[in-house]
Amino acid sequence: MEILGIDIGFGFTKATNGENSLIFKSVLGDATDIQFSDSALADSGEEEHLQVEIDGNSYFVGELAERQSSERYFTLDQTQFVDRFIKNLALTAAARLVKSHIPINLVTGLPIGYYREHKEELAKILVGEHKVVITSANGDSEEKTININRARIIPQPWGSLFNLMLNDVGEMKDKRLVKEKIGVIDVGFRTSDYSISDKMRYSERGSRTTESGIARAFNVIATKLREKSGVNVELYRLYDAVDEGYIKIRGEKFDLKSLTKQVFSQLATSVANEVDRLWVDDWDIDTVIVSGGGGSVLAEYLQPLLKGNVTPVDKSSDARMNNVTGYWKFGKHVWAKGVMPSLKD
Ligand SMILES: Nc1ncnc2c1ncn2[C@@H]1O[C@H](COP(=O)(O)OP(=O)(O)OP(=O)(O)O)[C@@H](O)[C@H]1O
Ligand SMILES: [Mg+2]
């Protein structure tokens, strides 16, 4: 039995089996014949060739779809995401990390706001045997049977909490967190998820999903770029540009630094205001945790606006992986020992 954590986000799909992990953009595209494989032209070591066939459809996935597919599929709609994306993204990740036929116990999550609505459906989609054909960059294909034995679905930001609370064998490493009232802020690509764990009990009142994700800031940037260049830049093509501070469109360089500063500080203000409103009666929170890839890029704007005892974002690790690492540790905790933690959901 293998324990696998998969965090299927609107921006990135993240997965880990404790030994190896994987991260790719949550973009699908049609698989086309590539005449010259990428690797023949350049040593694109860090970018993976993710090509899969699931239920009779062939896809390029992630960066490969972004670069090579003529039709690309990407959504920020939750229902569409569950119906058309989640299974393909999860099986792509599983096929890369797990051997054929090995029973998998899977931990994954949903945004707080969709947790009850989609929890059963998501488990139903994932549990069972799935045939996946994976094709490598040199054209070799292999069929794998992905055998998902059990799927445990938890609210997404709880992954970040378990990541801090549990060690690599799934044991409590920080008992303080179990006794405290913790507020988690998980800023992702589309959503911001807020949740409170009060001595490990889920607080309905303090938990919510809003649309204050990084995509909102990226939308403003994309609109400005369209006005200036006439080109509609897809949101998932802005990560590197925003990080580097400029983008080149048809040879022309557009500076993004001051606009990014402006939109990120606006977004951070919205997040801080949402926190103030949502947790108005929870003034007894002991610790606030900021997480998610968006939490990391917003940290410098957001942390000064938050009240209370805020645990600073750990810049030494990739904050996009916090939830999935926590999912995996939670799986270890539940299944490796047969002890159920007291997560009430
Ligand atoms: N190295 C990086 N490459 C790309 N994006 C990064 C990187 N580091 C941080 N980010 C930020 O991480 C964000 C995505 O974070 P994350 O993976 O947590 O979101 P998600 O889980 O896909 O979205 P959601 O929770 O809304 O479904 C991006 O919007 C980007 O701003
Ligand atoms: Mg997320």
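The shell around ligand 1 draws at least three residues from each of domain 1 (2–155) and domain 2 (178–213 + 260–317); the domain bounds come from an automatic or database assignment. This is a predicted model: local features need pLDDT of at least 70, side-chain atom pairs count only at pLDDT 80 or more, and totals for chains, interfaces and linings use all residues. Residues are numbered from 1 along each chain as its sequence is written, chains are lettered from A and ligands numbered from 1 in written order, and side-chain values use heavy atoms, without hydrogens and water.

**Around the ligand**
- Phe-10, Gly-11, Lys-14, Arg-190 and Thr-191 come nearest among the 16 residues around ligand 1 (near: a heavy atom within 4 Å).
- Helix H10 (292–302) and strand E2 (12–16) each supply at least two shell residues (DSSP runs, numbered from the N terminus: helices H or I of at least four residues, strands E of at least two).
- H10 gives the largest share, four residues.

**Polar contacts** (N or O pairs within 3.5 Å)
- A backbone N or O atom of Gly-11 lies 2.8 Å from an oxygen atom of ligand 1.
- For a backbone N or O atom of Arg-190, the distance to a ligand 1 oxygen is 2.7 Å.

**The sheet**
- Ten strands form an open, mixed sheet in the order E3-E2-E1-E8-E10-E9-E5-E6-E4-E7 (strands pair if DSSP finds at least two bridges between them).
- Strands E3 (21–25) and E7 (72–73) stand at the edges with a single partner strand each, so one side of each has no neighbour in the sheet.
- E2 and E3 run antiparallel, joined by five bridges.
- Phe-12 stands opposite Lys-25 in E3.

How values were computed:
A polar contact is a pair of N or O atoms within 3.5 Å; within protein, one must be able to donate a hydrogen and the other to accept it, and residues adjacent in sequence count only if both atoms are side-chain atoms.
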